[in-house]
Amino acid sequence: MSVELGKGMLLAMHLGRLKDSGTLHNAQVSVGKLNNVREAIAIARECRTILGANGVTLEYPVIRHANNLESALTYEGTSEVHQLVIGQALTGESAFR
Ligand SMILES: Cc1cc2nc3c(=O)[nH]c(=O)nc-3n(C[C@H](O)[C@H](O)[C@H](O)COP(=O)(O)OP(=O)(O)OC[C@H]3O[C@@H](n4cnc5c(N)ncnc54)[C@H](O)[C@@H]3O)c2cc1C
């Protein structure tokens with residue numbers, strides 16, 4: 001969890017610096033959003049299972065946080081569309097329909 005959190009923070013910092021320098025490409029934004037939301041959900045899920053049955057109750061904040069991340073998975077751009085953006089940048093071919 002700590003390793004993925006650290007990697008996600010480094011990626012966000014790198015993309016922020018590219019934005020400040022005016023060289024950020026939209027496909028790089030997709031890489032950051034796709035990776036960081038996906039890993040945040042994986043971390044929240046692992047936190048939930050560590051708590052066992054308590055992990056699915058509202059007595060602990062983990063499941064609420066996990067549900068909030070499920071919203072972020074949509075409103076920060078869906079994984080499918082981020083992958084299409086990244087695929088287009090990698091191959092030069094658009095697979096959008
Ligand atoms: C909590 C929340 C807050 C939001 N806040 C805002 C906001 O402030 N401002 C705003 O503008 N919007 C906001 N949204 C809307 C959000 O941006 C959209 O829900 C999101 O872009 C997905 O669009 P959609 O729901 O129309 O799904 P759709 O575009 O209908 O997608 C449905 C499914 O099809 C997939 N899909 C879509 N197109 C393709 C394609 N070409 N190829 C393959 N798969 C595809 C998607 O990945 C998804 O799995 C918010 C959404 C939520 C949940």
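**Close-up views of a predicted model**

**View 1. N36, a buried residue.** In this predicted model, N36 counts as buried because 20 other C-beta atoms lie within 10 Å, and 20 is the number at which a residue is called buried. You can find N36 in helix α2, which covers residues 26-50. Setting aside neighbours within four places in sequence, N36 is in contact with G8, L11 and A12. Look for K7 too: 29 residues separate K7 and N36 in sequence, yet their C-alpha atoms are 8.7 Å apart in space.

**View 2. Helix α2 and what it packs against.** Which residues of α2 are buried? They are S30, K33, L34, N36, V37 and A44. The buried residues of α2 pack against α1 (2-21), α3 and α4. After α2 comes G52, with a positive phi near 60°.

**View 3. Helix α3 from end to end.** G77 follows α3, and its phi is positive, near 100°.

**View 4. The shell around the ligand.** Which residues surround the ligand? They are S71, T74, Y75, T78, E80, V81, L84, F96 and R97. Sorted by class, this shell has four nonpolar, three polar and two charged residues. Helices α3 and α4 (79-91) each supply at least two residues of the shell.

Definitions and conventions. Residues are numbered from 1 along each chain as its sequence is written. This is a predicted model: local features need pLDDT of at least 70, side-chain atom pairs count only at pLDDT 80 or more; totals for chains, interfaces and linings use all residues. Helices (H or I, at least four residues) and strands (E, at least two) are DSSP runs, numbered from the N terminus. A residue is near a molecule or strand if its C-beta atom, placed from the backbone, lies within 6 Å of it. Ala, Val, Leu, Ile, Met, Phe, Trp, Tyr, Cys and Pro count as nonpolar, Asp, Glu, Lys and Arg as charged, and the others, Gly among them, as polar. A residue is buried if 20 or more other C-beta atoms lie within 10 Å of its own, exposed if 12 or fewer, and partly exposed in between; C-beta atoms are placed from the backbone. Two residues are in contact if their C-beta atoms, placed from the backbone, lie within 7 Å.
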